[in-house]
Amino acid sequence: MTEMSTKQDESQLPLQLRYWYLGILALSGFVTSFGAHIVATNLPAYAQAAGVGAFVIGLLIGVYDFAELFAKPVAGFIADRRGMKLTLLVGLGIFIFGSVLFLVISPTLLLLVRFIQGLGAAALSTVSITLVAKYFSSGRGQAFGIYNAIKGAGYVIAPALGGYLVHTSGFVMLFVVSAAVGVVALLLSLFLPGDRGEHAELADDDDDISLRQFFVIFTERRLLPVYAVIVINMFLVGILFGFLPVYLYAIGYTPLESGTVVSIATVSYLLVQPLAGNLADRVAVQTTVIIGLLLAALAIIAVTFTTGVPLLITVIVAGIGIGTVWTNSDTMVSKLATQNQLGASIGAAQSFKEFGDMIGPLLIGALTQFFGVRVGFVSCGVLPVLFLIALARSRTLTTLPQR
(Lines give C-alpha, C1' and ligand atoms only; values in the text may rest on other atoms or scores of the structure.)
Protein backbone atom coordinates (compact mmCIF):
# COMPACT_ATOMS: atom_id res chain seq x y z
CA MET A 1 0.00 0.00 0.00
CA THR A 2 1.41 3.40 -0.92
CA GLU A 3 1.04 6.63 0.98
CA MET A 4 -1.28 7.94 -1.75
CA SER A 5 -3.65 5.00 -1.38
CA THR A 6 -3.59 5.48 2.37
CA LYS A 7 -4.76 9.07 1.96
CA GLN A 8 -7.57 7.94 -0.30
CA ASP A 9 -8.65 5.33 2.23
CA GLU A 10 -8.76 7.98 4.95
CA SER A 11 -11.09 10.18 2.93
CA GLN A 12 -13.39 7.21 2.21
CA LEU A 13 -13.83 6.08 5.81
CA PRO A 14 -17.49 5.96 6.92
CA LEU A 15 -18.54 9.13 8.73
CA GLN A 16 -19.47 7.27 11.93
CA LEU A 17 -16.04 5.60 12.03
CA ARG A 18 -14.27 8.90 11.43
CA TYR A 19 -16.10 10.43 14.39
CA TRP A 20 -15.08 7.46 16.54
CA TYR A 21 -11.47 8.09 15.57
CA LEU A 22 -12.02 11.80 16.23
CA GLY A 23 -13.05 10.94 19.79
CA ILE A 24 -9.88 8.89 20.33
CA LEU A 25 -7.69 11.64 18.91
CA ALA A 26 -9.45 14.26 21.01
CA LEU A 27 -8.77 12.18 24.13
CA SER A 28 -5.08 12.20 23.19
CA GLY A 29 -5.28 15.98 22.96
CA PHE A 30 -7.00 15.97 26.34
CA VAL A 31 -3.94 14.22 27.81
CA THR A 32 -1.75 17.22 26.93
CA SER A 33 -4.05 19.91 28.32
CA PHE A 34 -4.95 17.90 31.41
CA GLY A 35 -1.36 16.93 32.16
CA ALA A 36 -0.08 20.46 31.66
CA HIS A 37 -2.66 22.31 33.70
CA ILE A 38 -3.35 19.92 36.55
CA VAL A 39 0.23 20.71 37.58
CA ALA A 40 0.48 24.35 36.42
CA THR A 41 -2.59 25.56 38.30
CA ASN A 42 -1.31 24.04 41.55
CA LEU A 43 2.26 25.30 41.39
CA PRO A 44 1.67 28.07 43.99
CA ALA A 45 1.18 25.37 46.64
CA TYR A 46 4.33 23.57 45.45
CA ALA A 47 6.29 26.84 45.41
CA GLN A 48 5.29 27.60 48.99
CA ALA A 49 6.37 24.15 50.15
CA ALA A 50 9.64 24.35 48.21
CA GLY A 51 10.34 27.95 49.21
CA VAL A 52 10.62 29.35 45.68
CA GLY A 53 9.16 32.50 44.08
CA ALA A 54 7.01 33.53 41.14
CA PHE A 55 9.87 33.34 38.63
CA VAL A 56 10.41 29.64 39.40
CA ILE A 57 6.68 29.07 38.89
CA GLY A 58 7.11 30.67 35.47
CA LEU A 59 10.05 28.36 34.73
CA LEU A 60 8.08 25.26 35.73
CA ILE A 61 5.24 26.29 33.45
CA GLY A 62 7.55 27.39 30.65
CA VAL A 63 9.78 24.28 30.57
CA TYR A 64 6.81 22.12 29.49
CA ASP A 65 6.23 24.51 26.60
CA PHE A 66 9.97 24.78 25.91
CA ALA A 67 10.12 21.02 25.30
CA GLU A 68 7.09 21.19 23.01
CA LEU A 69 8.48 24.22 21.20
CA PHE A 70 11.27 22.17 19.63
CA ALA A 71 9.75 18.71 19.70
CA LYS A 72 6.43 19.44 17.95
CA PRO A 73 7.78 20.28 14.47
CA VAL A 74 10.22 17.38 14.73
CA ALA A 75 7.35 15.07 15.69
CA GLY A 76 5.35 16.31 12.69
CA PHE A 77 8.31 15.73 10.38
CA ILE A 78 8.84 12.19 11.71
CA ALA A 79 5.13 11.42 11.49
CA ASP A 80 5.00 12.54 7.83
CA ARG A 81 7.85 10.18 7.02
CA ARG A 82 7.46 7.25 9.42
CA GLY A 83 3.76 7.09 10.22
CA MET A 84 1.26 9.00 12.33
CA LYS A 85 0.02 6.20 14.56
CA LEU A 86 3.47 5.05 15.66
CA THR A 87 4.50 8.61 16.51
CA LEU A 88 1.31 9.09 18.51
CA LEU A 89 1.89 5.91 20.55
CA VAL A 90 5.51 6.82 21.26
CA GLY A 91 4.45 10.27 22.42
CA LEU A 92 1.90 8.82 24.82
CA GLY A 93 4.51 6.41 26.16
CA ILE A 94 6.99 9.23 26.85
CA PHE A 95 4.33 11.30 28.60
CA ILE A 96 3.35 8.38 30.84
CA PHE A 97 7.02 7.72 31.66
CA GLY A 98 7.56 11.36 32.64
CA SER A 99 4.52 11.33 34.90
CA VAL A 100 5.54 8.13 36.68
CA LEU A 101 9.11 9.39 37.06
CA PHE A 102 8.00 11.99 39.61
CA LEU A 103 6.94 9.16 41.93
CA VAL A 104 10.48 7.80 42.25
CA ILE A 105 12.75 10.88 42.17
CA SER A 106 13.24 13.92 44.38
CA PRO A 107 10.47 16.56 44.14
CA THR A 108 13.21 19.11 43.54
CA LEU A 109 13.66 17.57 40.06
CA LEU A 110 10.17 18.66 38.97
CA LEU A 111 11.76 20.71 36.18
CA LEU A 112 13.10 17.49 34.59
CA VAL A 113 9.74 15.75 34.93
CA ARG A 114 7.94 18.63 33.25
CA PHE A 115 10.46 18.62 30.39
CA ILE A 116 9.93 14.89 29.72
CA GLN A 117 6.16 15.28 29.90
CA GLY A 118 6.45 18.12 27.39
CA LEU A 119 8.42 15.95 24.94
CA GLY A 120 5.72 13.29 24.99
CA ALA A 121 2.94 15.85 24.76
CA ALA A 122 4.60 17.37 21.69
CA ALA A 123 4.35 14.16 19.68
CA LEU A 124 0.85 13.11 20.69
CA SER A 125 -0.58 16.62 20.34
CA THR A 126 0.87 17.26 16.86
CA VAL A 127 -0.11 13.89 15.45
CA SER A 128 -3.62 13.82 16.91
CA ILE A 129 -4.60 17.16 15.37
CA THR A 130 -2.93 16.27 12.05
CA LEU A 131 -4.96 13.07 11.83
CA VAL A 132 -8.14 15.08 12.43
CA ALA A 133 -7.25 17.16 9.37
CA LYS A 134 -6.59 13.98 7.35
CA TYR A 135 -9.86 12.30 8.34
CA PHE A 136 -11.98 15.41 7.65
CA SER A 137 -11.15 16.97 4.29
CA SER A 138 -14.65 18.51 4.43
CA GLY A 139 -16.25 19.89 7.56
CA ARG A 140 -12.74 20.37 8.94
CA GLY A 141 -13.57 23.47 10.96
CA GLN A 142 -16.33 21.67 12.83
CA ALA A 143 -14.08 18.66 13.42
CA PHE A 144 -11.37 20.93 14.82
CA GLY A 145 -13.99 22.58 17.00
CA ILE A 146 -15.04 19.22 18.47
CA TYR A 147 -11.43 18.13 18.90
CA ASN A 148 -10.45 21.34 20.66
CA ALA A 149 -13.58 21.29 22.83
CA ILE A 150 -12.75 17.82 24.14
CA LYS A 151 -9.09 18.72 24.47
CA GLY A 152 -10.15 21.91 26.23
CA ALA A 153 -12.06 19.87 28.78
CA GLY A 154 -8.64 19.19 30.27
CA TYR A 155 -8.37 22.88 31.09
CA VAL A 156 -11.79 22.75 32.77
CA ILE A 157 -11.38 19.55 34.75
CA ALA A 158 -7.71 19.77 35.69
CA PRO A 159 -7.70 22.90 37.90
CA ALA A 160 -10.60 21.90 40.15
CA LEU A 161 -9.61 18.23 40.28
CA GLY A 162 -5.98 19.16 40.85
CA GLY A 163 -6.90 21.48 43.71
CA TYR A 164 -8.96 18.72 45.29
CA LEU A 165 -6.15 16.16 44.89
CA VAL A 166 -3.53 18.49 46.39
CA HIS A 167 -5.88 19.29 49.29
CA THR A 168 -6.71 15.65 50.06
CA SER A 169 -3.76 13.55 48.86
CA GLY A 170 -0.79 15.81 48.19
CA PHE A 171 1.02 17.15 45.13
CA VAL A 172 2.34 13.74 44.04
CA MET A 173 -1.18 12.49 43.26
CA LEU A 174 -1.33 14.89 40.30
CA PHE A 175 1.22 12.73 38.49
CA VAL A 176 -0.51 9.46 39.34
CA VAL A 177 -3.73 10.71 37.76
CA SER A 178 -1.87 12.17 34.75
CA ALA A 179 -0.21 8.81 34.09
CA ALA A 180 -3.54 6.99 34.38
CA VAL A 181 -5.22 9.28 31.83
CA GLY A 182 -2.27 8.72 29.48
CA VAL A 183 -2.60 4.94 29.76
CA VAL A 184 -6.30 5.09 28.83
CA ALA A 185 -5.50 7.19 25.75
CA LEU A 186 -2.68 4.83 24.79
CA LEU A 187 -4.91 1.75 24.93
CA LEU A 188 -7.66 3.40 22.87
CA SER A 189 -5.15 4.70 20.30
CA LEU A 190 -4.20 1.12 19.48
CA PHE A 191 -7.54 0.90 17.63
CA LEU A 192 -6.61 3.68 15.20
CA PRO A 193 -5.86 2.43 11.66
CA GLY A 194 -2.25 2.26 10.54
CA ASP A 195 -1.38 5.04 8.13
CA ARG A 196 1.53 3.23 6.45
CA GLY A 197 1.45 -0.02 4.53
CA GLU A 198 3.33 -3.01 5.86
CA HIS A 199 5.77 -3.05 2.97
CA ALA A 200 5.97 0.68 2.24
CA GLU A 201 9.43 2.00 1.46
CA LEU A 202 9.19 5.00 3.71
CA ALA A 203 12.56 6.59 3.05
CA ASP A 204 12.11 6.44 -0.74
CA ASP A 205 8.57 7.80 -0.89
CA ASP A 206 8.56 10.67 -3.40
CA ASP A 207 5.72 12.32 -1.48
CA ASP A 208 7.74 12.52 1.75
CA ILE A 209 8.82 15.92 2.97
CA SER A 210 12.56 16.55 2.80
CA LEU A 211 14.67 17.97 5.60
CA ARG A 212 15.16 21.18 3.60
CA GLN A 213 11.40 21.54 3.08
CA PHE A 214 10.93 21.02 6.81
CA PHE A 215 13.01 24.10 7.67
CA VAL A 216 11.41 26.19 4.90
CA ILE A 217 7.98 25.61 6.49
CA PHE A 218 8.92 27.93 9.36
CA THR A 219 9.29 30.86 6.94
CA GLU A 220 6.46 29.97 4.56
CA ARG A 221 4.97 33.33 3.47
CA ARG A 222 1.40 32.07 3.39
CA LEU A 223 1.67 30.75 6.93
CA LEU A 224 3.60 33.60 8.58
CA PRO A 225 0.50 35.73 9.38
CA VAL A 226 -1.15 32.70 10.99
CA TYR A 227 2.00 31.95 12.98
CA ALA A 228 1.90 35.55 14.29
CA VAL A 229 -1.72 35.15 15.38
CA ILE A 230 -0.89 31.87 17.10
CA VAL A 231 1.98 33.40 19.07
CA ILE A 232 -0.19 36.31 20.26
CA ASN A 233 -3.06 34.07 21.29
CA MET A 234 -0.87 31.56 23.10
CA PHE A 235 0.96 34.39 24.86
CA LEU A 236 -2.43 35.21 26.40
CA VAL A 237 -3.22 31.55 27.08
CA GLY A 238 0.00 31.11 29.06
CA ILE A 239 -0.81 34.17 31.15
CA LEU A 240 -4.48 33.39 31.78
CA PHE A 241 -4.19 29.72 32.65
CA GLY A 242 -0.71 29.88 34.14
CA PHE A 243 -0.85 33.02 36.30
CA LEU A 244 -4.51 33.56 37.10
CA PRO A 245 -4.02 31.11 40.03
CA VAL A 246 -1.11 33.27 41.23
CA TYR A 247 -3.38 36.32 41.38
CA LEU A 248 -6.15 34.34 43.07
CA TYR A 249 -3.69 32.95 45.59
CA ALA A 250 -2.45 36.49 46.35
CA ILE A 251 -5.97 37.72 47.17
CA GLY A 252 -6.66 34.80 49.50
CA TYR A 253 -8.37 32.12 47.40
CA THR A 254 -7.78 28.52 48.52
CA PRO A 255 -6.40 25.99 45.98
CA LEU A 256 -9.89 24.53 45.56
CA GLU A 257 -11.49 27.96 45.08
CA SER A 258 -8.74 28.99 42.67
CA GLY A 259 -9.12 25.79 40.66
CA THR A 260 -12.86 26.29 40.47
CA VAL A 261 -12.49 29.85 39.14
CA VAL A 262 -10.04 28.71 36.46
CA SER A 263 -12.39 25.88 35.51
CA ILE A 264 -15.32 28.27 35.18
CA ALA A 265 -13.19 30.56 33.05
CA THR A 266 -12.20 27.75 30.73
CA VAL A 267 -15.78 26.55 30.27
CA SER A 268 -16.22 29.54 27.96
CA TYR A 269 -13.06 28.52 26.09
CA LEU A 270 -14.45 25.00 25.82
CA LEU A 271 -17.99 25.82 24.70
CA VAL A 272 -17.11 28.43 22.08
CA GLN A 273 -14.85 26.14 20.04
CA PRO A 274 -17.45 23.99 18.21
CA LEU A 275 -19.35 27.18 17.36
CA ALA A 276 -16.19 28.93 16.20
CA GLY A 277 -15.15 25.88 14.17
CA ASN A 278 -18.54 25.65 12.49
CA LEU A 279 -18.34 29.36 11.69
CA ALA A 280 -14.93 28.80 10.07
CA ASP A 281 -16.58 26.41 7.58
CA ARG A 282 -19.03 29.13 6.54
CA VAL A 283 -17.26 32.51 6.59
CA ALA A 284 -13.76 33.96 6.38
CA VAL A 285 -12.02 33.40 9.69
CA GLN A 286 -9.82 36.52 9.79
CA THR A 287 -12.42 38.82 11.32
CA THR A 288 -13.29 36.37 14.09
CA VAL A 289 -9.59 35.92 14.83
CA ILE A 290 -8.96 39.66 15.23
CA ILE A 291 -12.03 40.13 17.43
CA GLY A 292 -11.12 37.11 19.53
CA LEU A 293 -7.58 38.35 20.12
CA LEU A 294 -8.81 41.80 21.10
CA LEU A 295 -11.36 40.41 23.58
CA ALA A 296 -8.75 38.19 25.22
CA ALA A 297 -6.13 40.93 25.52
CA LEU A 298 -8.54 43.48 27.01
CA ALA A 299 -9.80 40.90 29.49
CA ILE A 300 -6.24 40.12 30.61
CA ILE A 301 -5.71 43.84 31.28
CA ALA A 302 -8.89 43.99 33.38
CA VAL A 303 -8.38 40.79 35.43
CA THR A 304 -6.54 42.20 38.44
CA PHE A 305 -9.01 45.08 38.83
CA THR A 306 -11.84 42.65 39.58
CA THR A 307 -12.94 40.13 42.19
CA GLY A 308 -16.01 37.96 42.66
CA VAL A 309 -18.61 37.98 39.88
CA PRO A 310 -16.89 40.70 37.78
CA LEU A 311 -13.73 38.58 37.84
CA LEU A 312 -15.65 35.56 36.57
CA ILE A 313 -17.20 37.61 33.75
CA THR A 314 -13.78 38.97 32.78
CA VAL A 315 -12.08 35.59 32.55
CA ILE A 316 -15.06 34.11 30.70
CA VAL A 317 -14.67 36.82 28.05
CA ALA A 318 -10.97 36.00 27.85
CA GLY A 319 -11.82 32.33 27.35
CA ILE A 320 -14.25 33.13 24.53
CA GLY A 321 -11.63 35.17 22.71
CA ILE A 322 -8.86 32.62 23.17
CA GLY A 323 -11.06 29.68 22.16
CA THR A 324 -12.21 31.35 18.95
CA VAL A 325 -8.66 32.11 17.84
CA TRP A 326 -7.37 28.69 18.89
CA THR A 327 -9.75 26.72 16.68
CA ASN A 328 -9.76 29.05 13.69
CA SER A 329 -5.97 29.34 13.52
CA ASP A 330 -5.76 25.53 13.34
CA THR A 331 -8.23 25.58 10.47
CA MET A 332 -6.25 28.23 8.59
CA VAL A 333 -3.01 26.26 8.87
CA SER A 334 -4.64 23.04 7.65
CA LYS A 335 -6.15 24.82 4.63
CA LEU A 336 -2.94 26.57 3.65
CA ALA A 337 -0.53 23.66 4.19
CA THR A 338 0.62 21.41 1.35
CA GLN A 339 -0.86 17.92 1.77
CA ASN A 340 2.41 15.98 2.01
CA GLN A 341 3.67 18.60 4.52
CA LEU A 342 0.53 18.64 6.66
CA GLY A 343 2.10 17.02 9.71
CA ALA A 344 5.20 19.21 9.61
CA SER A 345 3.16 22.38 8.96
CA ILE A 346 0.84 21.69 11.85
CA GLY A 347 3.86 20.75 13.94
CA ALA A 348 5.47 24.10 13.11
CA ALA A 349 2.25 25.91 14.01
CA GLN A 350 2.08 23.96 17.26
CA SER A 351 5.68 24.96 17.93
CA PHE A 352 4.73 28.62 17.58
CA LYS A 353 1.89 27.92 19.99
CA GLU A 354 4.34 26.66 22.56
CA PHE A 355 6.63 29.63 21.97
CA GLY A 356 3.79 32.00 22.81
CA ASP A 357 2.65 29.82 25.71
CA MET A 358 6.21 29.76 27.04
CA ILE A 359 7.10 33.45 26.86
CA GLY A 360 3.81 34.51 28.46
CA PRO A 361 4.47 32.89 31.88
CA LEU A 362 8.16 33.81 31.78
CA LEU A 363 7.47 37.49 31.12
CA ILE A 364 4.61 37.84 33.58
CA GLY A 365 6.59 35.83 36.14
CA ALA A 366 9.50 38.28 35.95
CA LEU A 367 7.21 41.33 36.03
CA THR A 368 5.26 39.93 38.97
CA GLN A 369 8.44 39.12 40.87
CA PHE A 370 9.72 42.70 40.63
CA PHE A 371 6.63 44.90 40.23
CA GLY A 372 3.62 42.90 41.42
CA VAL A 373 0.91 40.82 39.80
CA ARG A 374 -1.20 43.78 38.58
CA VAL A 375 1.68 45.32 36.64
CA GLY A 376 2.36 41.89 35.18
CA PHE A 377 -1.18 41.37 33.89
CA VAL A 378 -1.66 44.91 32.57
CA SER A 379 1.71 45.00 30.79
CA CYS A 380 1.19 41.59 29.21
CA GLY A 381 -2.30 42.59 28.06
CA VAL A 382 -1.18 45.87 26.49
CA LEU A 383 1.61 44.30 24.44
CA PRO A 384 -0.69 42.01 22.39
CA VAL A 385 -3.10 44.89 21.77
CA LEU A 386 -0.27 46.97 20.28
CA PHE A 387 0.97 44.03 18.24
CA LEU A 388 -2.55 43.26 17.02
CA ILE A 389 -3.02 46.86 15.85
CA ALA A 390 0.23 46.64 13.88
CA LEU A 391 -0.80 43.30 12.38
CA ALA A 392 -4.23 44.62 11.34
CA ARG A 393 -2.74 47.76 9.78
CA SER A 394 -0.23 45.73 7.79
CA ARG A 395 -3.13 43.88 6.11
CA THR A 396 -1.08 40.67 6.09
CA LEU A 397 -3.86 38.91 7.96
CA THR A 398 -6.86 40.60 6.34
CA THR A 399 -5.52 39.74 2.87
CA LEU A 400 -4.60 36.17 3.77
CA PRO A 401 -5.23 33.92 0.72
CA GLN A 402 -7.62 31.00 1.09
CA ARG A 403 -7.31 27.68 -0.68
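Trainee: What makes Trp-20, Val-183, Leu-187, Leu-190 and Phe-191 a nonpolar patch on the surface?

Mentor: In this predicted model, where local features need pLDDT of at least 70 and side-chain atom pairs count only at pLDDT 80 or more, a patch takes residues with over 30% relative accessible area and no salt bridge, nonpolar side chains being joined within 5 Å. Trp-20, Val-183, Leu-187, Leu-190 and Phe-191 form such a patch, with about 520 Å² of accessible area together (Shrake-Rupley method, 1.4 Å probe). Residues are numbered from 1 along each chain, and side-chain values use heavy atoms, without hydrogens and water.

Trainee: Why is the pair of Phe-30 and Phe-34 called stacked?

Mentor: Rings pair if their centres lie within 6.5 Å, and planes under 30 degrees apart count as stacked; the centres of Phe-30 and Phe-34 are 5.4 Å apart and their planes at 20°, so the pair is stacked. The structure holds nine aromatic pairs.

Trainee: How many cavities of 30 Å³ or more does the count come to?

Mentor: A cavity is a set of points on a 1 Å grid where a 1.4 Å probe fits but cannot get out, and by this rule there are four of 30 Å³ or more. The largest has a volume of about 200 Å³, and of its 22 lining residues (an atom within 4 Å of a point) the closest to the centre are Ala-36, Asp-65, Glu-68, Tyr-155 and Asp-357.

Key: Patches are made of residues with over 30% relative accessible area and no salt bridge: like charges are joined within 9 Å, nonpolar side chains (Val, Leu, Ile, Met, Phe, Trp, Tyr) within 5 Å. A salt bridge is a side-chain nitrogen of Lys or Arg within 4 Å of a carboxyl oxygen of Asp or Glu. On a 1 Å grid over the protein atoms alone, a cavity is a set of points where a 1.4 Å probe fits but cannot get out, and a pocket is an open set with protein on both sides within 12 Å along at least five of seven lines; lining residues have an atom within 4 Å of a point. Grid points are joined across faces, edges and corners, and a volume is the space filled by probe spheres set on the points. Rings of Phe, Tyr and Trp (its six-membered ring) pair if their centres lie within 6.5 Å; planes under 30 degrees apart count as stacked, over 60 as edge-to-face and the rest as tilted.
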